[in-house]
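Please look over the sequence and the model shown below before reading on.

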Amino acid sequence: IQSCYDKGMRLVTIKDLATNNRVKAFLLGKKVEKAYVGMDDQAREGYFQRTDGSVYVKDDFSRWASASGGPSSQTKATTA
């Protein structure tokens with residue numbers, strides 16, 4: 001996160017399909033192969049918090065997640 005901030009960038013927070021589609025179109029247009037979502041589980045392993053301070057819960061939008069990373073069926077997302 002700090003590395004991005006130091007470079008004047010911010011990590012994206014994707015909470016819905018519309019935002020996901022805008023980010024995807026932007027990345028495809030720039031031919032970006034890999035991007036990082038602004039979320040981590042550094043405070044507690046398996047419990048994700050977004051860089052905007054909101055907490056990822058089990059039923060939140062997650063279609064941005066790839067098969068190899070991000071919250072999945074094995075993630076211990078918090079319950080609201």
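A residue is called buried when its relative accessible area is under 20%, exposed when that area is over 50%, and partly exposed in between. The model discussed here is a predicted one. By that scale Lys15, at 41% relative accessibility, counts as partly exposed.

The largest nonpolar core consists of 6 residues: Ile14, Met39, Phe48, Tyr56, Phe61 and Trp64. When residues up to four places away in sequence are left out, Ile14 touches Thr19, Asn20, Val23, Phe61 and Trp64. The C-alpha atoms of Ile14 and Gly38 are separated by 8.2 Å, although these two residues are 24 positions apart along the chain.

Charged side chains come next. Side chains of opposite charge can pair when their charged atoms come close. The count of salt bridges in this model is 2. In one of them, Asp52 pairs with Lys15, with 3.1 Å between the closest N and O atoms. This pair links distant parts of the chain, since Asp52 belongs to the segment after β2 and Lys15 to the loop between α1 and α2, 37 residues apart. Asp52 has a relative accessibility of 44% and so counts as partly exposed.

Another salt bridge joins the side chains of Asp60 and Arg50, at 3.0 Å from N to O. Asp60 lies in the segment after β2 and Arg50 in strand β2, so this bridge ties together parts that are 10 residues apart in sequence. Asp60, with a relative accessible area of 24%, is partly exposed, whereas Arg50, with 6%, is buried.

The segment after β2 (49-50) also holds Ser54.

The aromatic rings complete the account. A search of the whole structure finds 0 aromatic pairs. Two arginines, however, are placed over tyrosine rings. Arg10 lies over the face of Tyr5, at 4.2 Å from the ring centre, and Arg44 lies over the face of Tyr47, at 3.9 Å from the ring centre.

Technical notes: Residues numbered from 1 in each chain as written. Predicted model: local features only at pLDDT ≥ 70, side-chain atom pairs only at ≥ 80, totals over all residues. Heavy atoms only, no water. Core = buried A, V, L, I, M, F, W, Y, C linked by side-chain atoms within 4.5 Å. Buried < 20%, exposed > 50% of the residue type's maximum accessible area, 1.4 Å probe, protein only. Contact = heavy atoms within 4.5 Å. Helix = DSSP H or I, 4+ residues; strand = E, 2+ residues; numbered from the N terminus. Phe/Tyr/Trp six-rings, centres within 6.5 Å; stacked < 30°, edge-to-face > 60°. Lys NZ or Arg CZ within 6 Å of the ring centre and 35° of its normal. Salt bridge = Lys/Arg side-chain N within 4 Å of Asp/Glu carboxyl O.
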